[in-house]
Amino acid sequence: MKKQDPAQPNGNRLLSPQRMQWSTLIIATVLCGGLLTWLNIPAALLLGPMIAGIVISLNGARIQPNGTLFLIAQGIIGCMIASKMPHSLADTFGAHWLLFIVCVFSVIFICMMLGWILTRMRILPGTTAFWGLSPGAATAMTLMAEANGADTQLVAAMQYLRVIMVASVASVLMKVSGEHVPATSAAIDLFAHGSYVAMAETFGLIAFACIAARLLRLPAGALLITLVAGVVLSQNNWIEIALPQWVLVLAYTIVGWRIGLKFTRPLLKHAAQVLPRIAISIVILIALCGVMAAVLVKVTDIDPLTAYLAMSPGGADSIAIIAASSKHIDIAFVMSMQMTRFIILVAFGPIIGNIMRRQAKR
């Protein structure tokens, strides 16, 4: 794990030793994850570490999972998604490509309008609102915001608050709709896996994706590369993807920690004055995406939960984990929509940000 500076001198020093912080985090994660699993809450293995991370971070902890571990976790999740993709993936995208483009740009347009309103009302400066509301990988959007002159701390607060709110709403909907499949056999199958050759191929793909993502400096690159390469290689029977359950549990835990531990006291203090209005804007964004999901259900034969997760403005990794907790969700449709939107945001986000910055100056 990556070493961080000790806790602030004037802050809460209850958790100041790093080993104590990690020990407390692990214990809190086991308790939260165990409780949510016992309650059959969808994506409990993601939400538990996330909640534990928030709690100890707000109590003075200043730790983060090593960046390489987070990269590996993204690669594992990418392989998990690829293994669940049906062989009809190309047909799904080919049949709905126009629908994907319309839906993706509609969500981006909603983010632009909400960002423009927040900027015009002088709630947030410059393009901070747009980058903060942009749905995609939260870390990637924060890095792009920094490169384009936005307030990085405010963007980070908005991004991670949005991810938590979206994940919570999606989990509640999964529970209410009865689509969640309880992981009753998780403990029994924890160490189950495919052949050792398949495991070696899978881990080799993850290692390649992590190295390539580092060299290319591609936002969420490990997730994107393993997802695309995993689908192509596995659906052509060139490799077999095999991931033991304990590996997935570790990946979910690292992603949850990464999100939860971002909510430090200095970050929330920086965003405190505008936090209620930021939360309201995120609620509006989630509601409008829900309306669009309802329209999607009307014009297609997609089930409501699949439509909601596809339109959901959350991080692709957290949405993938939630979608994977049900056998009835069309994960190919969900992830095709999520990744299409992410790619378009990475490609056109700086252009949109420049347009909004010029409008803000006027």
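**Basis.** I worked from a predicted model, where local features need pLDDT of at least 70, side-chain atom pairs count only at pLDDT 80 or more, and totals for chains, interfaces and linings use all residues. Residues are numbered from 1 along each chain as its sequence is written, and side-chain values use heavy atoms, with hydrogens and water left out.

**Ala 157.** I found Ala 157 in helix H7, residues 152-177. Helices here are DSSP runs of H or I with at least four residues, numbered from the N terminus. Ala 157 is buried, at 1% relative accessible area (buried is under 20%, exposed over 50%, partly exposed in between; 1.4 Å probe, protein chains only). I set aside neighbours within four places in sequence and listed its contacts (heavy atoms within 4.5 Å): Phe 263, Leu 267 and Ala 271. I also looked up Leu 275, 118 residues away along the chain, and its C-alpha atom is 8.5 Å from that of Ala 157.

**Nonpolar patch.** Which helix gives the largest share of the nonpolar patch? It is H4, with five residues. Helix H4 (89-120) and helix H15 (331-361) each supply at least two residues. Trp 97 is in helix H4.

**Cysteines.** I counted zero disulfides (a disulfide is a pair of cysteine sulfur atoms within 2.5 Å). Cys 210 is in none, and the nearest cysteine sulfur, that of Cys 79, lies 9.2 Å away. Is Cys 210 buried or exposed? Cys 210 counts as buried because its relative accessibility is 11%. Cys 32, at 22%, counts as partly exposed.
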